[in-house]
Each structure stands twice: as structure tokens, then as C-alpha cells.
Amino acid sequence: MTEIPDAPDTRRGLHLFTDGSFDPKSGHGGWAFAAYRGGAEIASASGGTGKAENNGMELLAILEAARWVDANASGEAAVIWTDSAYAIKGCTLWRPIWRNNGWKKIGANANLRNRAIANKDIWQAIDGALSRNAALTVAWCKGHAGIGGNERADELAERGRLSLRPLTN
């Protein structure tokens, strides 16, 4: 078995891999997570929605993973892995700033002040979930690089998106 550089070690602790899927043509999106303990998958979930957008699906996957931790492993240390740079920056850098600014983007440029935050409702829910469990962290992993948990979440998110397609005979 070939070791993948920078792959998260899921043999110890609780790890959840998340991903979103989006098709701009149909507007359908999917989200998913796969949870691992001791290197084995212990849970997964996925879903789909119409009128979606890519970043929203990435965030919804993180939110659903955090909700799963809250319901099934509350207070336990866990890492939610995402391949979304936007989600990582939002969770680690922007979230506290947005919360302090009343969930608005406030910039030095007057033309950029008080801009709405995309997916504000999802960001607020993620903020609540991460604030309730200080041992829950969000980390980045490289997407489409052969990392088992990330590939599994990608597959499930695609399945969630495709579940919205009308069946044809």
C-alpha cells in the first residue's frame, strides 16, 4: 500500500471528511460527510438540494458533520476535514470577524462596507456548532489526491446531487 503524502492519519481519534458537489447547469447540489474512528468508517450521510451553489454545498457538508458530532460524540475531540479553501478561511479566519461585525463584511473601502455574507445562515449555524464544542476543529486536506475519506465524501456528495435528477425510462 502506497502512503499518500500529507494524508490525515485516521487510525486514532474521530475524523470526518466532508465535500460538496454542484452542477451549474441544473443548479443541483449535494453535500456529504464520512466519519472515521480507528481507521474505519463508522457513519456517513449525504443529501441534495436544488437552487444550490458550490460553496454553499461545501459549508452544508461541514455543518451536517458538526451536527453529527454534536449528536453522537458531544465534547469529544474531532477533526472535520474539507478540501475547500473558502470553508477553511471562513472557519478559521473570517468567522470571528463576521460574528463581531454583526455577520456583515466590513472593509476599509466605503464601497465595500456592510456587504452581506454569502450563506450567512449556514455560517451562523456552523459558528454555533463549533462554539459548542471547543474540541471540534476544521482542517484542510487536498482534494482528489487519493485520500480515502475525502474520496468517499466526494462520492457521497455526488450521489446526493444526483438523487435530485428526475428518473428517465
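Q: What makes two strands pair?
A: Two strands pair if DSSP finds at least two bridges between them.

Q: And what is this model?
A: This is a predicted model, in which local features need pLDDT of at least 70, side-chain atom pairs count only at pLDDT 80 or more, and totals for chains, interfaces and linings use all residues. Residues are numbered from 1 along each chain as its sequence is written, and side-chain values use heavy atoms, with hydrogens and water left out.

Q: How many helices and strands are in the protein chain?
A: Four helices and seven strands. Helices (H or I, at least four residues) and strands (E, at least two) are DSSP runs, numbered from the N terminus.

Q: What pattern do they follow along the sequence?
A: The pattern is β-β-β-α-β-α-β-β-α-β-α.

Q: What share of the residues is buried?
A: Of the 169 residues in the protein chain, 43% count as buried. Buried means under 20% relative accessible area, exposed over 50%, and partly exposed in between (1.4 Å probe, protein chains only).

Q: Now the sheet. In what order do its strands come?
A: The order is β3-β2-β1-β4-β7. These five strands form an open sheet with mixed pairing.

Q: Which strands sit at the edges?
A: β3 (40-49) and β7 (136-140). Each of these edge strands pairs on one side only. From one strand to the next, the twist averages 20 degrees.

Q: How many bridges join β1 to β4?
A: Four. β1 covers residues 14-23, β4 covers residues 78-82, and they run parallel. Look for Phe17: Trp81 in β4 stands opposite this residue.

Q: Parallel or antiparallel for β2 and β3?
A: Antiparallel, with nine bridges joining them. Trp31 stands opposite Gly47 in β3. β2 and β3 form a hairpin with two residues between them. In that turn, Gly38 has a positive phi of about 60 degrees.

Q: Which residues other than glycine have a positive phi?
A: Trp103 is one of them, with phi about 60 degrees. Trp103 is in the loop between α2 and β5 (104-105). Its relative accessible area is 11%, so Trp103 is buried. Asn119 is another, with phi near 60 degrees. Find Asn119 in the loop between β6 (115-116) and α3. At 18% relative accessibility, Asn119 counts as buried.

Q: Back to helices. At what angle do α2 and α3 pack?
A: About 90 degrees, with their axes 11 Å apart. Axes are lines fitted to C-alpha atoms, for helices over the stretch in contact, and angles run from 0 to 180 degrees between N-to-C directions. α2 and α3 are therefore roughly perpendicular to each other. (Angles under 35 degrees count as roughly parallel, over 145 as roughly antiparallel, 65 to 115 as roughly perpendicular and the rest as oblique.)

Q: Which residues of α2 and α3 meet?
A: From α2 (residues 85-100), they include Tyr86, Cys91 and Trp98. From α3 (residues 120-132), they include Trp123, Ile126 and Leu130.

Q: What does Asn150 touch?
A: Not counting residues up to four places away in sequence, its contacts (heavy atoms within 4.5 Å) include Phe17, Thr18, Asp83, Cys141 and His144. A polar contact of 3.3 Å joins the side chains of Asn150 and Asp83. A polar contact is a pair of N or O atoms within 3.5 Å; within protein, one must be able to donate a hydrogen and the other to accept it, and residues adjacent in sequence count only if both atoms are side-chain atoms.

Q: And where is Asn133?
A: In the loop between α3 and β7. Asn133 is buried too, with a relative accessible area of 8%. A polar atom of its side chain lies 3.4 Å from the backbone oxygen of Glu76. Leaving aside neighbours within four places in sequence, Asn133 is in contact with Val69, Ala73, Gly75 and Glu76.

Q: Last one. What share of contacts joins residues at least 24 apart?
A: 67%, among contacts in the protein chain between residues at least 6 apart in sequence.
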